[in-house]
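Hello,

Here is the structure you asked for. Please open it beside this email and follow along; the notes come after it.

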Amino acid sequence: MAKTFHNFIGGRWVPARSGRAFTNSNPATGEPLGEFPDSGAEDVEAAVHAARGALRAWQLTPAPKRGEMLYRLGQAITARKEELARAATREMGKILLETRGDVQEGVDMAYLAAGEGRRLYGVTTPSEMPDKWAMSVRVPVGVVGVITAWNFPFAVPTWKIFPALVAGNTVVFKPSEETPEMGWHLAHLLEEAGVPAGVLNVVHGTGPQVGWPMVQHPGVDVISFTGSNPVGTKLAVEGARLGKRVSLEMGGKNGVIVMDDADLSLAANAVAWGAFGTTGQRCTATSRVIVHERVHDELVRLVVQRAQALRLGDGLEEGVEMGPLVSAKQLERVSGYMKVGADEGVRVATGGARASGPGLDRGFFFQPTVLTDVRADMRVAQEEIFGPVVSFVRVKSLDEAVAVNNATPFGLSSSIFTRDVNAAFTAMRDLGTGIVYVNHGTTGAETHLPFGGTRGTGNGHREAGHTMLDAFTEWKSVYVDFSGRVQRAQIDNN
Ligand code: NAD
């Protein structure tokens, strides 16, 4: 029988108040993994109440102590890395090699945020008046609502929750309903690390039933969201109406430019990893290859070769290189884009259909797919497919390649393969994405650099890196006058 999991509210493990539950299943095998609370607005209400109740004491806990809890958390995650990675592969489908990386990102974020406990730097600056002190300090915003996607079920929540906590906020977290177990593990780990009751609360359920009441709740001060553009945009509109901050990390349509002087074998390996890793379900996945016409056919040949050699299967099995899509809905979405491509006149160089065969028939497997004869303005080259599908667009020059790269509604990641240092620096300057790689594919962000994108990928925020506190803090400017007089700025000194 599937195990029963609960919400974590005010330090207690509780079912949904309605008593309703939903089943979470393994996308590779269909096996039920657990029953999770199918929560509603009343559970959000309880979680926000707990988060607000815990806020004052948490804010008054010295930041280095908050950081130490995160440090212990990093150690606890490290000790359980394998167990967590296996659980993530079971519920999300990507292979163990990748879920180990997903968990490691959580460790990296814990240590990065822990260090921030002894920094949380403000700015001091001279006053224009004599005998007066001036400084600005970061203060927590209050209660942070965290709403996340399923593709990095461990890492992405940590990118939000750990900085929010070290800054002195309390959190209400709604994990994706596709990957609730990782949210449950995270809550357990925080409890074990000694984070006080109410500081992190986890409410499971759907977006409309749990996420939306979080956005609307007057007790939630900030929403930090990772997910699709239609949902993120809707949340931002509601946030604007309510006057609350909404930080958005959304989709990508990431391009790899391959110039005619590139190391083609290296580029092909990077494209295959970027396009088919995580079954193409990364916000930074390589979904377009913008390739110089002189090397187009050879690069297609090399990438097709790599795609056809990939071993599909249950990500828990040794030797498997690509797992299933996360859900029937994703399978339908990716299959739908094959029809879109066919109607647009693209050529399928390999793949293009649901994968079947021994060990694949009970899961949502899709063949690694290479599309060629793709024009930059076609839907398959403009819209996020979020599956193991890569489109080849042929170009004649670096200028054209950069223009093609920049002409989508998204701006998360891009890359160039070239041996020409001038071309590399031109691309670094002109590629209009939040992340740019040279001689490396579009994935592989490190936690100590800012992460996020331009245009439709976000709304100007960056996670991680030295920007990690920005969404979760306000600036407070403080003046201390020790002159014993009423000193009027801009007046008495001019
Ligand atoms: P999604 O938008 O369907 O769901 C994301 C989260 O929002 C889920 O927890 C969901 O329950 C919730 N949600 C849905 N409707 C809601 C509503 N009306 N109100 C409040 N919350 C609601 O996205 P997904 O399918 O889970 O994830 C895939 C998307 O995430 C892709 O577009 C991908 O590019 C993006 N993503 C972006 C990044 C990044 O950092 N830029 C990282 C990972 C994934």
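Leucine 120 sits in the loop that runs between helix H4 and strand E6 (123-126). Its phi is positive, near 40°, and leucine 120 is a residue other than glycine. Is leucine 120 buried or exposed? With a relative accessibility of 18%, leucine 120 counts as buried, because buried means under 20%. Please keep in mind that this is a predicted model, so these values are computed from predicted coordinates.

Arginine 455 is another residue that has a positive phi without being a glycine, here about 45°. Arginine 455 belongs to strand E21 (residues 454-455). Its relative accessibility is 36%, so arginine 455 counts as partly exposed.

How much space lies in the largest pocket? The figure is about 1000 Å³. The lining of this largest pocket is made of 37 residues, and the closest to its centre are Trp150, Gly227, Ser228, Val231 and Lys329. At least two lining residues come from each of helix H7 (207-216), strand E11 (222-226), helix H8 (229-242) and helix H11. H8 has the largest share, with 5 residues. Sorted by class, the lining of the largest pocket consists of 16 nonpolar, 12 polar and 9 charged residues.

The second largest pocket has a volume of about 590 Å³. Its lining counts 31 residues, and those nearest the centre are Glu105, Phe152, Arg282, Gly444 and Ala445. Helix H4 (96-116), helix H5 (155-166) and helix H9 (264-276) each give two or more residues to this lining. H4 gives the most, with 7 residues. By class, the second largest pocket is lined by 11 nonpolar, 12 polar and 8 charged residues.

Helix H11 supplies part of the lining of the largest pocket, and its length can be checked. H11 has 17 residues (328-344), and at 1.5 Å a residue these should span 24 Å. Which residues of H11 are buried? They are Gln330, Leu331, Val334, Tyr337, Met338, Val340 and Gly341. Strand E16 (369-372), helix H12 (379-382) and strand E17 (389-395) are among the elements that cover these buried residues. After H11 comes glycine 345, with a positive phi near 90°.

Last, the aromatic rings. How many aromatic pairs does a search of the whole structure find? It finds 8.

Regards

How values were computed. Residues numbered from 1 in each chain as written. Predicted model: local features only at pLDDT ≥ 70, side-chain atom pairs only at ≥ 80, totals over all residues. Heavy atoms only, no water. Helix = DSSP H or I, 4+ residues; strand = E, 2+ residues; numbered from the N terminus. Expected span 1.5 Å × (residues − 1). Buried < 20%, exposed > 50% of the residue type's maximum accessible area, 1.4 Å probe, protein only. Contact = heavy atoms within 4.5 Å. 1 Å grid on protein atoms, 1.4 Å probe; cavity = no way out; pocket = protein on both sides within 12 Å on 5 of 7 lines; lining within 4 Å. Points joined across faces, edges and corners; volume = space filled by probe spheres on them. Nonpolar A, V, L, I, M, F, W, Y, C, P; charged D, E, K, R; others polar. Phe/Tyr/Trp six-rings, centres within 6.5 Å; stacked < 30°, edge-to-face > 60°.
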